[in-house]
Amino acid sequence: MPKLHPTLTAELQLSDGRKFSLPVYQSNLGYDAIGVESLQKEKLFTYDQGLTSTALCESSITYIDGDQGILLHRGYPIDELALRKSYLDVAYLLLNGELPNTEELDAFKKEISSHYMVNEQFTRLFQGFRRDSHPMAVMCAASSALAAFYHDILEDSQKSRDKTAIRLLAKMPTLAAMCYKYSIGRPFMYPQNNLSYAGNFLYMMFATPCEPYVVNPVLERAMDRIFTLHADHEQNASTSSVRSVASSGPNPFACIAAGIASLWGPAHGGANEACIKMLEEIGTVDRIPEFIARAKDKNDPFRLMGFGHRVYKNYDPRAKVMRETCHEVLKELGVTTPLLEVAMELERIALSDPYFIERKLYPNVDFYSGIILQAIGIPTSMFTVIFALARTVGWIANWKEMCEESLKIVRPRQIYTGYTERHIDK
Ligand code: CMC
């Protein structure tokens, strides 16, 4: 049941004299919210295109202060988590509310690794796709196919929800790596329970049955950090899609497929792929001014990918850690990529340009993640799949939180602008 209690009242007065008293709910951190539920009884809707001023739910998982550039998971700052904890620590934190102690983490790891494998039937699902299918299309299908294998999770119990969370966390890396192996026509590699979560993912992506594969610890840490920095981000488009779909009570794997579909778009998770394509298109530092000019031109749909954020009007705190990791990986691999040179110069120019300063357009997490992933050897088309894999825990934490409250089906209304009633001519 909702825990919110109104602390203040807002008085709404329309120019025709109608007056309403509305409750104001207080947040622990951040903006308070005016409760408008009663307005529909007064034959009024609220209109908020893009839901920029709407709190979809109450949640105790993640907090973002976009003006200050702060991201907290269960109260812990993202940079502390990314630099001092592993993805599985953070996953445990998001799902259970507290960081695990050593025994709890060991048990969590063990349980996850015992669910890494997917049903062998999945190999046939993959065979139904063209090899050149976009891996996000395959990932959407594969995640919703999981719903066909697990009917027991429809049971409404804590135990069943925890099991679903474990299965999803365990199987997403396996499915993601299968998407990649299928696209290049290589055999699927079975998961290795003795490796870390990130190490196992790298193994399934890059090992072959022909020769031994040793996980590089720097790349393993970078992968783990990418997972951590993408783990959750409050009520973004994909998470609110998962909540909306879940509100009608379908199988949770189908809800996650909805999150994956929403994430695919270039304005959301597809930005890391779009960012690399943009850097490649720019190609050399001397062409940057041309692209900056295009980004500012209102008649040109071009935008600087990896810049700007709906919520952050300050430096994205995830981008800071990602920037450091990016340099670490490139140093380890001895890679000097022209893309990085273009990226650094683009960042410098954009951060000193009045257009970007006035609009508070800073580099976001996707500006650097693509460069790291490319250096690791992951193809561009897989970038959003990796984002989806990492974000699954955020989606499932939100799904669990939602199931634990008794929420209504999400059913927004509209301002109708079509014809008034009319009839077919005789
Ligand atoms: N390049 C150039 N101009 C931009 C950009 C950009 N990347 N982003 C916003 N603007 C301008 C926009 O034209 C508008 O200008 P004006 O006020 O003169 O009309 C102003 O900034 C505000 O833009 P908006 O579209 O109202 O902002 P929004 O909050 O709706 O959009 C965004 C947020 C992320 C969709 C947008 O900044 C964007 O398209 N960025 C590029 C795509 C990207 O990097 N997305 C990844 C987001 S982070 C990962 C994630 O969480 O999914």
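In the predicted model, R74 is partly exposed, with a relative accessible area of 22%, and this residue lies in the loop between β5 (70–73) and β6 (76–77). The phi of R74 is near 50°, a positive value in a residue other than glycine. Most residues other than glycine have a negative phi. A second case is provided by L51, which has a positive phi of about 50° although it is not a glycine, and which is placed in the loop between β3 and β4 (62–65). L51 is exposed, its relative accessible area being 52%, where the cut-off for exposed residues is over 50%.

Strand β3 also belongs to an open sheet of 3 strands, in which the order is β1-β2-β3 and the pairing is antiparallel. Because β1 (6–13) and β3 (33–34) stand at the edges and each has a single partner strand, one side of each is left without a neighbour in the sheet. Strand β2 (residues 19–25) is joined to β3 by 2 bridges, the two strands running antiparallel, and Y25 stands opposite A33 in β3.

Helix α2 (residues 87–96) has 9 of its 10 residues buried and is therefore largely enclosed by the rest of the structure; the buried residues are Y87, L88, D89, V90, A91, Y92, L93, L94 and L95. Just after α2, G97 takes a positive phi of about 95°.

Conventions
Residues numbered from 1 in each chain as written. Predicted model: local features only at pLDDT ≥ 70, side-chain atom pairs only at ≥ 80, totals over all residues. Heavy atoms only, no water. Pairing = 2+ DSSP bridges. Helix = DSSP H or I, 4+ residues; strand = E, 2+ residues; numbered from the N terminus. Buried < 20%, exposed > 50% of the residue type's maximum accessible area, 1.4 Å probe, protein only.
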